[in-house]
Amino acid sequence: MTSRALAWRALTANPARALLAVAGVAVIGALLFDMLLLSGGLLVSFRDLLDTAGYDVRVVATDGLPVLRVPIPHATALAGDLSRLPEVQEVAVFRMDRVVMRVPGRRPDGVTLISVSEGAERHTWRITRGENLSTAGYTLERQRLVVSERLATVLNLTPGSILRVRPTMTGVASAIPEVEFNVVGVAEFEFAMADELTAATTRDGFEQVRAGAAPGEDEADAVLVASQAALGSEAAARAISRLRPNLRAYSNEQVVAQFNQNGFAYFRQISFVLSSITLGFAFLLVATLLTVSVNQRLSEMAALRALGFSRRRIAATLLWESAWLVGVGGLLALPLGGLLALELDRILRGMPGLPERLHFFVFEPRAIMQYITLLIVTGVGAAAYPVWVAARLPIAATLRREVVS
Amino acid sequence: MTAIVEGRDLTRAFPMPAGPVTALRDVSIAISPGEYVAIAGPSGCGKSTLLHLLGCVDAPTSGSLVFEGRDVARLTERERSRIRLTRIGFVFQRFFLLPMLSAWENVELPQAEIGINPADRRMRTRELLDYVGLSDRGHHRPSQLSGGEMQRVAIARALANRPALLLADEPTGELDEDTGEQVADLFDRVHADGTAIVVVTHNPVLAVRSGRRLAMKRGTVVSS
């Protein structure tokens with residue numbers, strides 16, 4: 001009989017104890033698995049979100065949060081200059097503003113209005129109903145608007161609806177004239193916040209709305225750049241910085257690295273602390289159970305040693321007991337942790353101000369490998385003390401003690 | 001005839017907080033092949049200590065022990081384990097069968113440990129269970145057996161690897177008189193089949209069947 005089989009028989013001889021141990025490891029393992037998903041999930045998801053946009057360099061006027069950034073002036077000329085760089089394949093001007101939208105018979109709602117250069121919309125939203133802004137042959141007297149699913153629901157909009165839009169003037173009563181828009185489509189926006197109402201229009205439409213607040217402006221909130229694949233985003237960012245040293249150009253890697261150092265550091269630390277605690281619990285649980293089990297079987301082990309079973313064989317059997325407990329519990333922990341991660345992700349994604357597509361818990365093969373490695377280390381570590389007790393057991397003294405007791 | 005095991009001037013002292021306690025003092029003993037030796041004496045006289053030394057599960061504080069021509073003190077832990085596994089059989093007062101294994105598996109276990117192939121193991125296990133009269137109880141766990149049956153399974157386990165020496169420490173200590181007599185009969189058969197036996201016992205029925213009786217007192221052999 002192999003050590004593995006002997007360990008299995010020893011565990012199943014006490015089914016209640018084995019089940020409790022496996023359940024304990026499964027619960028702890030699920031938490032550990034979730035912490036590992038969390039430790040890199042947000043970063044992976046953020047990176048994925050950036051890559052989805054199809055642009056790998058972002059040009060902005062200053063560092064800092066988007067809402068506090070200064071717009072880039074003379075955006076059209078800048079886009080032209082950038083597109084002539086050999087490192088650059090495609091350039092899109094991105095505009096964003098807060099506006100108020102009003103439909104007859106309904107209370108006005110605050111909406112984020114965006115505009116991207118023609119052709120860039122394919123990376124920014126996906127039409128679910130109606131048509132896109134740049135659909136050929138679609139002619140209307142009014143400016144065109146694509147609205148998010150949420151906005152369509154809130155204002156009861158469908159393709160063909162008409163609404164009025166004016167810019168939001170913070171802290172003042174606005175008398176800026178409204179611009180009439182025609183909804184041509186409903187879309188899912190890649191970067192939309194979970195709690196945000198979003199709409200997109202053409203550059204003309206955007207400028208017409210803004211004209212009331214800032215006539216004649218030619219600004220961009222950001223310029224998005226797709227680099228030449230052969231040269232890479234880092235080269236493109238360097239070329240842009242050389243061309244326009246007054247602007248900040250960041251590759252996706254740099255944006256992710258900044259995010260990793262700043263905003264994400266909290267999640268990483270929390271995940272590290274909670275992972276360590278869960279590992280500690282798993283270690284204590286298995287070590288305690290095995291130690292108690294060994295102490296209850298000291299005479300049995302001494303007898304086996306007297307019969308000629310080697311220390312290595314006893315140690316291997318105990319290691320297998322630990323492996324069975326941690327292995328079965330750890331396997332059960334995966335679906336349990338997966339379900340828990342889905343629920344926790346749903347709760348966290350409900351936080352205001354986060355892109356709807358951003359996830360906190362992202363499954364990665366790396367997380368599974370880390371999980372397995374940590375469980376193996378924990379299983380071996382937890383078995384170390386009971387193995388030491390069993391291997392160093394004085395055979396004669398233990399047998400004598402058993403008879404005397 | 002060369003002894004299977006020979007101890008010379010064996011002394012075993014145990015360190016205690018109040019000072020060392022000498023359980024065995026200058027005992028010399030030799031067990032020849034096929035011999036049947038009973039060791040008797042009051043509790044605490046050193047019988048089990050002597051048995052443990054002869055079985056290579058303990059080491060003397062002084063004196064020498066030679067097992068089949070090899071100085072046990074010079075052997076590694078692994079080599080001593082190998083001797084116990086292949087050349088010595090142990091029978092304990094409290095049986096110490098593995099409770100999660102059936103009688104059959106308990107007997108098979110030492111054979112598996114030395115790498116006997118499954119077919120030969122099955123044959124030997126069947127033979128041994130038949131030998132101890134438990135061929136119909138092979139699939140029963142120890143908890144489903146009586147004390148006498150457990151001890152018979154333990155004897156079968158001890159004989160599994162055809163040892164040259166069978167050591168038994170109070171093998172009838174947990175059994176009633178009738179069952180003890182059955183176990184004694186079994187030891188007679190084992191002895192008759194050529195295995196040397198050393199049995200530590202308080203049971204006169206068992207002691208009287210041996211070929212040589214040693215009486216111990218305060219760590220020494222007082223009569224032989």
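Reasoning about chains A and B

In this predicted model, chain A has a secondary structure of 13 helices and 10 strands.

User: Why is chain A called more spread out than a compact globule?

Analyst: The radius of gyration of chain A is 31 Å, whereas the globule rule gives 22 Å for 405 residues, and because the value is well over that figure, chain A is described as more spread out than a compact globule. The C-alpha trace, taken along its principal axes, spans about 100 × 50 × 40 Å.

User: What makes β2 and β5 of chain B edge strands?

Analyst: The open sheet of chain B has 4 strands in the order β2-β1-β4-β5, paired antiparallel. Strands β2 (21-31) and β5 (70-71) of chain B each have a single partner strand, so one side of each is left without a neighbour in the sheet.

User: How do you know that β1 and β2 of chain B pair?

Analyst: Pairing requires at least two bridges between the strands, and 7 bridges join β1 (residues 5-14) of chain B to β2(B), the two running antiparallel. B:Gly7 stands opposite B:Ile29 in β2(B).

User: Which strands of chain B does helix α1 lie across?

Analyst: Helix α1 (residues 47-54) of chain B lies across β1, β2 and β4 (62-67) of that chain, and runs at about 125° to β1(B).

Methods. Residues numbered from 1 in each chain as written. Chains lettered and ligands numbered in written order. Predicted model: local features only at pLDDT ≥ 70, side-chain atom pairs only at ≥ 80, totals over all residues. Rg over C-alpha atoms; globule rule 2.2 N^0.38 Å. Contact = placed C-beta atoms within 7 Å. Axes fitted to C-alpha atoms, helices over the stretch in contact; angles between N-to-C directions.
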